[in-house]
Amino acid sequence: MHETYTQVVLPFASSPELLEQYTNASGGLRTGMLMEHLDSLAGSIAYKHMLGPEVGNVSRVQEKGFYIVTASVERLDILAPLLPVRDIRLSGQVIYTGTSSMEVAVKMEAINPDGREETLMLGRFSMVCRDARTRKAYPVNSLVIDTPEEEALYKMGESAQKRRKAAALQSLLRVPPTSSEAAELHATHLKYDHDAGTESIGNRVFMGDTLLEKTMLMFPQERNVHQKVFGGYLMRLAYELGFANCSLFTQSHVSFLSLDGISFTRPVPIGSILRLRSQILHTSPPGELPAAVHIRVQASVVDIQSSQEEMTNEFRFTWARDGGNSISRIVVPRTYKEAMLWLEGKRALEMGAQIRGRRTRGREISTDA
């Protein structure tokens with residue numbers, strides 16, 4: 001396992017020119033660009049596991065007999081603010097292997113001027129290996145475990161895979177909502193989605209009215225080693241569109257909390273027309289803090305001649321409104337499909353709150369100790 005470890009340092013503290021490229025409009029760092037690097041790093045680590053730690057590059061990958069793609073990203077969680085003028089270290093390693101898949105854990109750390117290191121972001125990428133000729137599953141190398149720490153990481157990766165399978169079985173595409181979810185959905189409908197005038201209706205926004213989209217041509221400069229559009233670039237585009245939509249909805253600046261999941265369904269060809277659609281699925285109730293917003297961004301390739309679309313990716317993000325203020329408006333679904341998306345967003349916000357709560361309690365216990 002330790003032979004797959006890889007790190008890259010972005011020397012922001014010593015390179016003003018580099019920092020300028022990554023600085024956002026608020027003076028912080030462009031999170032979408034850093035996500036792009038994490039995806040690239042995860043792919044490099046997966047190839048390193050398959051080709052051996054001595055391999056320096058993956059050029060002429062089509063001659064290797066296999067190729068590796070990102071299947072999904074389970075989570076990326078922000079643990080501390082991304083403050084500028086500090087060197088940033090991106091690192092990761094393979095922590096679990098299946099028959100044809102690999103779980104890659106990644107970390108983003110800040111290196112402070114006094115030498116202290118601060119963890120900024122943690123996440124996991126699921127990579128899959130395919131036969132270059134048949135496009136079918138290609139067996140990956142097994143993982144050798146040498147230490148108790150590596151055994152713990154392996155179990156973490158194994159549990160993540162089991163959790164994804166369990167979540168798929170509980171998806172609202174497969175099973176109906178729970179009784180409590182159905183009751184909350186019905187209560188929301190009675191309160192916000194009827195014709196009788198109430199004070200609360202002035203704060204509602206129908207989900208269909210939160211749609212914000214962007215259409216782009218995919219250029220060869222953004223290609224990966226497979227001559228398709230680089231997945232990390234798509235992550236950055238989706239992040240930036242979702243950020244804009246969240247800012248417009250909350251009417252304020254927002255801070256990124258988590259990437260709650262990404263699915264990569266099919267590759268995006270160079271030269272294709274890509275359409276990104278973002279939509280707000282759920283928000284924290286009015287008066288509740290932190291004021292979180294969960295957003296879905298879908299990516300689709302548009303056929304020019306037929307105008308038909310084929311979905312390629314789905315991204316889920318959560319942001320929080322800055323300034324310590326709650327959100328005064330609430331998103332309301334109008335169709336059954338929107339209602340299921342509304343409940344998916346609710347589940348995502350609840351899961352994110354649980355994870356952040358556990359990590360906060362963990363840091364408090366560590367500090368007390």
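**Close-up views of a predicted model**

**View 1. A salt bridge joins the side chains of Glu74 and Arg164, with 3.5 Å from N to O.** Because Glu74 belongs to strand β2 and Arg164 to helix α3 (residues 148-169), this pair ties together parts that are 90 residues apart in sequence. Glu74 counts as buried at 13% relative accessibility, whereas Arg164 counts as partly exposed at 23%. Both residues take part in a network of salt bridges that also links Glu103, Arg124 and Arg163. The model shown here and in the other views is predicted. Over the whole structure, the search finds 23 salt bridges.

**View 2. Domain 1 (2-169) and domain 2 (195-367) of the protein chain, as given by the domain assignment.** The C-alpha centres of the two domains are 22 Å apart. In domain 1, 28 residues are in contact with 27 residues of domain 2. About 2,100 Å² is buried between the domains, and carbon and sulfur atoms give 56% of this area. On the side of domain 1, the residues that lose the most area to domain 2 are Met35, Glu36 and Arg75, which together account for 27% of what that side buries.

View 3. The elements of domain 1 that give two or more residues to the side touching domain 2 are α2 (31-51), β2 (66-78) and β5 (117-131). Of these, β2 gives the most, with 12 residues. Sorted by class, this side of domain 1 has 16 nonpolar, 6 polar and 6 charged residues. The rule finds 3 salt bridges across the interface. Arg30 and Glu240 also meet through their side chains in a salt bridge, at 2.7 Å from N to O.

**View 4. Arg236 in helix α5 (residues 231-250).** The side chain of Arg236 makes a polar contact of 2.5 Å with the side chain of Glu36. Neighbours within four places in sequence aside, Arg236 is in contact with Arg30, Gly32, Met33 and Glu36. Arg236 has a relative accessible area of 15%, so it is buried.

**View 5. A salt bridge between the side chains of Lys346 and Glu184, at 3.2 Å from N to O.** Lys346 lies in helix α6 (residues 336-368) and Glu184 in helix α4 (residues 179-192), and the pair links distant parts of the chain, 162 residues apart. Lys346 is buried, with a relative accessible area of 12%, while Glu184 is partly exposed at 33% relative accessibility.

**View 6. A salt bridge between the side chains of Arg277 and Glu309, at 2.9 Å from N to O.** Arg277 is in strand β9 and Glu309 in strand β11, so the pair ties together parts that are 32 residues apart in sequence. Arg277 is partly exposed at 28% relative accessibility, and Glu309 is partly exposed at 33%.

View 7. Pro290 sits in the loop between β9 (273-283) and β10 (292-302). In the loop between α5 and β8 (254-264) lies Gln251, which is not a glycine but has a positive phi of about 60 degrees. Ser307 has a positive phi near 65 degrees and is in the loop between β10 and β11 (309-321). Gln251 counts as exposed at 65% relative accessibility, and Ser307 counts as exposed at 54%.

Key:
Residues are numbered from 1 along each chain as its sequence is written. This is a predicted model: local features need pLDDT of at least 70, side-chain atom pairs count only at pLDDT 80 or more; totals for chains, interfaces and linings use all residues. Side-chain values use heavy atoms; hydrogens and water are left out. Domain bounds come from an automatic or database domain assignment. Contact means heavy atoms within 4.5 Å. Buried area is the accessible area (1.4 Å probe) that two parts lose on being put together, summed over both. A salt bridge is a side-chain nitrogen of Lys or Arg within 4 Å of a carboxyl oxygen of Asp or Glu. Helices (H or I, at least four residues) and strands (E, at least two) are DSSP runs, numbered from the N terminus. Ala, Val, Leu, Ile, Met, Phe, Trp, Tyr, Cys and Pro count as nonpolar, Asp, Glu, Lys and Arg as charged, and the others, Gly among them, as polar. Buried means under 20% relative accessible area, exposed over 50%, partly exposed in between (1.4 Å probe, protein chains only). A polar contact is a pair of N or O atoms within 3.5 Å; within protein, one must be able to donate a hydrogen and the other to accept it, and residues adjacent in sequence count only if both atoms are side-chain atoms.
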